[in-house]
Amino acid sequence: MTDYSRDQVMNVISSVMGKVNSSQAQPLEHIQSELAGLAKTIDDLHDDIMATRSHDVNDKHIPTATDELDAVIGATENASATIMDSCEAIQAIVEKSDDATKSGVFEETTKIFEACSFQDITGQRISKVINTLKDIEATVDNLLNLFGPVNDSDKREAVDTRSEDEKLMNGPQMNGQGVSQDDIDKLLAEFD
Amino acid sequence: MNTGMKVLIVDDYATMLRIIRNLLNQIGFKDVDEAADGTQALEKFKSANYGLVISDWNMEPMSGYELLKEIRGGAHNKDVPFIMITAESKTENVIKAKQAGVSNYIVKPFNAETLKGKIESVLQE
């Protein structure tokens with residue numbers, strides 16, 4: 001990758017501007033040559049940015065990360081609901097028990113309810129991370145748009161250096177993306 | 001403590017609403033209404049006579065802080081005890097809430113003992 005500096009681009013621009021403003025007429029070829037150099041520098045920069053696969057950040061990495069985090073919120077919410085369902089069922093069962101039993105069970109189930117508030121806190125923290133990722137996505141988008149729309153022809157395929165084993169490790173799957181235990185059982189049965 | 005009053009609890013997390021409702025039930029409050037944000041809460045508040053409001057802060061589109069200011073600035077039941085239960089634990093938040101007229105302030109995560117103590121405190125005032 002080419003090394004660029006802001007000074008490098010500014011020097012070319014200053015040189016062109018100097019020649020245009022100069023009291024001594026400059027040959028048009030000189031100015032055209034400087035501008036061509038500037039155009040090439042910008043073009044090389046565009047190519048190098050495409051080579052870094054920056055578009056992957058917005059097209060793939062951030063959407064995947066936010067989906068995973070949404071799934072964490074959903075999973076912990078479901079787990080909390082199940083735990084609380086059980087607590088309420090236990091409380092209903094002991095409702096007509098003697099006072100000591102009822103009091104003891106309610107005391108313990110209350111602790112479980114209190115502990116379930118972790119889901120609210122973690123959910124809020126994860127939501128903050130999701131918002132940060134969306135800010136990064138917008139920033140990357142703005143940077144890429146400085147060089148015009150990214151065409152499919154500009155996008156370069158990443159070389160996947162993972163081992164075969166690593167390529168198989170993509171779990172846990174999102175809802176609807178994996179197969180159910182029933183489907184797995186049926187699939188395995190086909191081998192028998 | 002009079003637990004016969006109507007209580008409004010406000011939080012955008014269904015889990016938290018359920019936790020607070022259960023804890024209130026155990027304290028003795030059986031008449032508990034729920035709202036998922038400040039806007040929904042304000043509608044319910046205007047159409048009933050609540051003896052206590054317990055609200056989260058961070059909600060869209062109307063926060064608990066905005067809800068508090070709406071209630072305190074309104075004509076209906078404006079002096080109702082209002083407890084903020086929130087993860088916002090910065091001093092400036094507590095000061096803002098106090099200036100807006102909050103009756104008490106609980107930081108998440110909290111336990112039943114804290115909730116009961118704060119409710120007793122605001123209902124005695």
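## Salt bridges between the two chains

Between chain B and chain A there are three salt bridges, a salt bridge being a side-chain nitrogen of Lys or Arg within 4 Å of a carboxyl oxygen of Asp or Glu. The model is a predicted one, in which local features need pLDDT of at least 70 and side-chain atom pairs count only at pLDDT 80 or more, while totals for chains, interfaces and linings use all residues. Side-chain values use heavy atoms, with hydrogens and water left out, residues are numbered from 1 along each chain as its sequence is written, and chains are lettered from A and ligands numbered from 1 in the order in which they are written.

One of these bridges is formed by B:Arg18 and A:Asp85, whose closest N and O atoms are 2.4 Å apart. B:Arg18 lies in helix H1 of chain B and A:Asp85 in helix H3 (residues 54-94) of chain A, so this pair joins two chains; helices here are DSSP runs of H or I with at least four residues, strands are E runs with at least two, and both are numbered from the N terminus. A:Asp85 is partly exposed, at a relative accessible area of 43%, where buried means under 20%, exposed over 50% and partly exposed in between (1.4 Å probe, protein chains only).

A network of salt bridges links A:Asp120, B:Asp11, B:Asp56 and B:Lys108.

## The contact surface

The contact, meaning heavy atoms within 4.5 Å, takes 17 residues from chain B and 19 residues from chain A. Together the chains bury about 1600 Å², of which 54% is on carbon and sulfur atoms; buried area is the accessible area (1.4 Å probe) that two parts lose on being put together, summed over both. On the chain B side, B:Tyr13, B:Thr15 and B:Arg18 lose the most area to chain A, together 41% of what that side buries.
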